[in-house]
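Let's learn to read a ligand site and some charged pairs. Have the model open while we talk.

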Amino acid sequence: MNALSYDADLLVVGAGPAGVAAALMASSLGLRTMVLEGDIVGGRLHTIGSLENVPGGWTTGPQLAEALIADLTRLQQAGLCTLVQERATKVGGYADRAEVALADGRTFLARTIVVATGVAALAPRDVDWVSAPDQFSAPPLWRTPPAACTGPTFVLGGDRPLGTWLRAHADAGTALHVLYPPTDDYKIEEVSRDERVRLLPVSHVTLARLSDGDGWRVLVTDRQGARHAYAAATVVGNLGSKPAAPEGVVQGEDGYCPPQHQHHRIRIAGDLRSSRFQRIVTAQGSAAECVLAHYYASASPVGKGGVQ
Ligand SMILES: Cc1cc2nc3c(=O)[nH]c(=O)nc-3n(C[C@H](O)[C@H](O)[C@H](O)COP(=O)(O)OP(=O)(O)OC[C@H]3O[C@@H](n4cnc5c(N)ncnc54)[C@H](O)[C@@H]3O)c2cc1C
């Protein structure tokens with residue numbers, strides 16, 4: 001039988017903080033490394049306007065993202081890593097290989113694949129407590145500067161980016177009307193004392209275009225079943241996120257991908273693991289551990305001793 005020709009020892013899908021940490025660790029161990037990124041290196045870091053809990057003095061996500069881009073560039077220039085800008089559609093683990101299929105039709109083979117594709121923003125059509133016209137898509141709150149909030153601004157959902165937005169725009173006087181379902185109650189506490197936030201606990205929201213086509217009619221059913229109508233100039237989305245797993249990864253009931261349930265050649269890092277471990281530092285640590293687990297599983301006891 002012909003020996004397999006691997007495109008890489010370790011293939012990393014997703015170049016957010018987890019994927020870049022995996023690439024750095026793999027390169028430091030002398031593994032031939034390939035990274036697939038479907039959008040922009042740095043992932044969700046680009047959305048974080050204010051950062052306080054990452055060692056090293058980073059104060060915004062884009063700042064850290066730039067440093068990670070520089071890290072990957074350095075690895076590429078040193079010939080230690082290849083970056084492929086394409087989306088992975090499917091991964092698979094087999095006895096002798098792991099495979100990834102790309103959106104452009106290519107397939108790559110590796111000894112192990114680290115999947116670090118994180119989460120994607122929920123759209124209004126993904127949640128049952130919002131009814132909106134088919135063509136409606138709410139721009140994400142984190143991408144909306146205060147200057148774009150002209151007139152009454154309504155936020156769909158009470159997810160954590162709300163707190164980040166308020167901290168990042170501490171000087172903005174913009175009032176935000178936040179419509180949030182019971183499942184977001186526990187997240188609201190951190191913003192409840194900010195005077196710019198008007199909290200509207202809801203059980204259902206229906207959006208319809210105002211007749212002049214400029215703005216939205218917001219019909220709210222509150223938690224007691226009473227109905228209220230508002231006019232909104234701007235409606236932005238803050239609905240939370242869902243796992244962005246490519247096909248072939250084993251998913252739990254909640255859509256997340258428990259590392260322990262995967263084929264041994266498919267390892268899961270970062271936010272994709274669980275809704276509970278969604279932080280930059282844990283994403284990076286989990287990715288480094290995936291690489292070390294691959295490395296020590298494939299190292300012979302004699303041949304690869306002594307690596308730090
Ligand atoms: C507004 C906001 C504020 C936050 N604030 C903080 C904070 O203060 N502190 C903190 O620790 N954490 C914070 N987080 C969480 C933090 O951003 C995440 O925990 C971290 O980015 C997770 O890293 P990751 O690499 O797992 O995923 P991501 O950063 O989501 O990166 C995943 C990457 O995979 C790519 N990808 C997805 N699908 C595919 C595919 N099929 N093929 C190829 N590439 C793909 C994406 O384009 C992306 O680049 C915040 C998040 C948000 C949204």
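**Reading charged pairs and the ligand site**

A: Let's start with Asp71, which is buried at 18% relative accessibility; buried means under 20% relative accessible area, exposed over 50%, and partly exposed in between (1.4 Å probe, protein chains only). Keep in mind that this is a predicted model, where local features need pLDDT of at least 70, side-chain atom pairs count only at pLDDT 80 or more, and totals for chains, interfaces and linings use all residues. Residues are numbered from 1 along each chain as its sequence is written, and side-chain values use heavy atoms, with hydrogens and water left out.

Q: Which residue's side chain meets that of Asp71 in a salt bridge?

A: Side chains of opposite charge can pair when their charged atoms come close. A salt bridge is a side-chain nitrogen of Lys or Arg within 4 Å of a carboxyl oxygen of Asp or Glu. Here, Arg74 pairs with Asp71 at 2.8 Å, N to O. Arg74 is partly exposed, at 45% relative accessibility.

Q: How many salt bridges does the structure hold?

A: There are 14. Among them is the one between Asp184 and Lys187, at 3.4 Å, N to O. Asp184 is buried at 5% relative accessibility, and Lys187 is buried at 12%.

Q: Which residues are linked in a network of salt bridges?

A: Asp96, Arg97 and Glu99 are linked that way.

Q: What polar backbone atoms does the ligand's oxygen come up against?

A: A polar contact is a pair of N or O atoms within 3.5 Å; within protein, one must be able to donate a hydrogen and the other to accept it, and residues adjacent in sequence count only if both atoms are side-chain atoms. One of them belongs to Arg44, 3.0 Å from a ligand oxygen.
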